[in-house]
Amino acid sequence: MTDPRVAAVEGNLIAQFRLLASTEDVRALPDEDVIAYTSDVPFPLFNGISGARFAPGSEARRTAEVVDRYLARGLPFLWWATPSTMTPQMDAVLRSRGLAPSAEPGMHVPLTAPLDPRTPPGVEVAVSPVTPELVEVMTAGFGFPDFVSEPLLRALESVPADVAFHVIARLEGEPVSAGSVFRTAATAGIYNIATVASARRRGLGYAVTATLMNVARERGCTEAVLMASTMGRPTYERLGFVEVCQMPQYVWVPESG
């Protein structure tokens, strides 16, 4: 039987891909056995693949058909795998095309009680609408190129308010950290935790994540899930998250020159 914590992690991620596939800057592929979309934005997030449910025996062929279509376009793309949507045959095809997976621990925590966000002195963390300021903090914190800001803003604006909410942290009034929750039923998927370089190592990631968890609990969520970066994992573990699965990303970026 599937661990319900794993099901929550991968179900939430796949739901976000379905939302992304319906946003205005991308074009959803007609394939019924995979969530896939393309765009003219040369950034992996806007040319994405996930949630493959290929028929047994067809995994290698279908993986090759899908990934070769993306390679032919020549734009950066990603295939985000989950435990029930990746097989050894699919992995072998992706690796043969030059896509090596990066480790992405899927983590889970029950939301049983309020958390102390340990907000640092001079910092205020509050729920925020989707604004250019919010997106600028996210793109700066992740080091995304400037051209990502506008399509990311439009993508976040398109998500219904009952599905997503966001928080922003200000240090002495200046926006320096942010994060998002995407909700599926009673599961709060925590994404986009980002802090600008000049404000790191001050507890802002902890405060933003804890605030997201508290707001999610107040709004009826009973569990939270996320995919942890190497830098963020210690913070998430202090908040009670435990690794329950691996959610590897296969990313392809064309060679420069």
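Buried means under 20% relative accessible area, exposed over 50% and partly exposed in between, for a 1.4 Å probe and protein chains only. The views below show a predicted model, in which local features need pLDDT of at least 70 and side-chain atom pairs count only at pLDDT 80 or more, while totals for chains, interfaces and linings use all residues. Residues are numbered from 1 along each chain as its sequence is written, and side-chain values use heavy atoms, with hydrogens and water left out.

View 1. Strands (E, at least two residues) and helices (H or I, at least four) are DSSP runs, numbered from the N terminus. Two strands pair if DSSP finds at least two bridges between them. S1 and S2 run antiparallel, joined by two bridges, and form a hairpin with six residues between them. S2 also pairs with strand S3 (residues 48–50), in the antiparallel sense over three bridges. Tyrosine 37 stands opposite alanine 28 and opposite glycine 48 in S3.

**View 2. Strand order and the S4–S13 pair.** The open sheet has six strands in the order S1-S2-S3-S4-S13-S5, with mixed pairing. Its edge strands, each pairing on one side only, are strand S1 (27–28) and strand S5 (101–102). Strand S4 (residues 77–80) and strand S13 (residues 249–252) run antiparallel and are joined by four bridges. Valine 251 in S13 is the bridge partner of leucine 78.

**View 3. Helix H4 and what covers it.** The buried residues of helix H4 (residues 132–142) are Leu134, Val135, Val137, Met138, Thr139 and Gly141. Their cover includes strand S7 (123–128), helix H5 (149–157), S8, strand S9 (174–184) and S10, where contact means heavy atoms within 4.5 Å. Glycine 143 follows H4 and has a positive phi, near 75°.

**View 4. Arginine 170 in strand S8.** Arginine 170 lies in strand S8 (residues 164–171) and is partly exposed, at 24% relative accessible area. Its side chain makes a polar contact of 2.6 Å with that of glutamate 133; such a contact is a pair of N or O atoms within 3.5 Å, of which, within protein, one must be able to donate a hydrogen and the other to accept it, and residues adjacent in sequence count only if both atoms are side-chain atoms. Leaving aside residues up to four places away in sequence, arginine 170 touches Gly122, Val123, Glu124, Glu133, Pro175 and Val176. Arginine 170 and glutamate 124 are 46 residues apart in sequence, with 5.3 Å between their C-alpha atoms.

**View 5. Leucine 226 in strand S11.** Leucine 226, in strand S11 (residues 223–227), is buried because its relative accessibility is 2%. Beyond residues up to four places away in sequence, leucine 226 touches Pro105, Gly106, Met107, Ile190, Tyr236 and Phe241.

**View 6. Threonine 235 in helix H7.** Threonine 235 is part of helix H7 (residues 233–238) and counts as buried at 15% relative accessibility. Not counting residues up to four places away in sequence, threonine 235 touches Gly205 and Tyr206.
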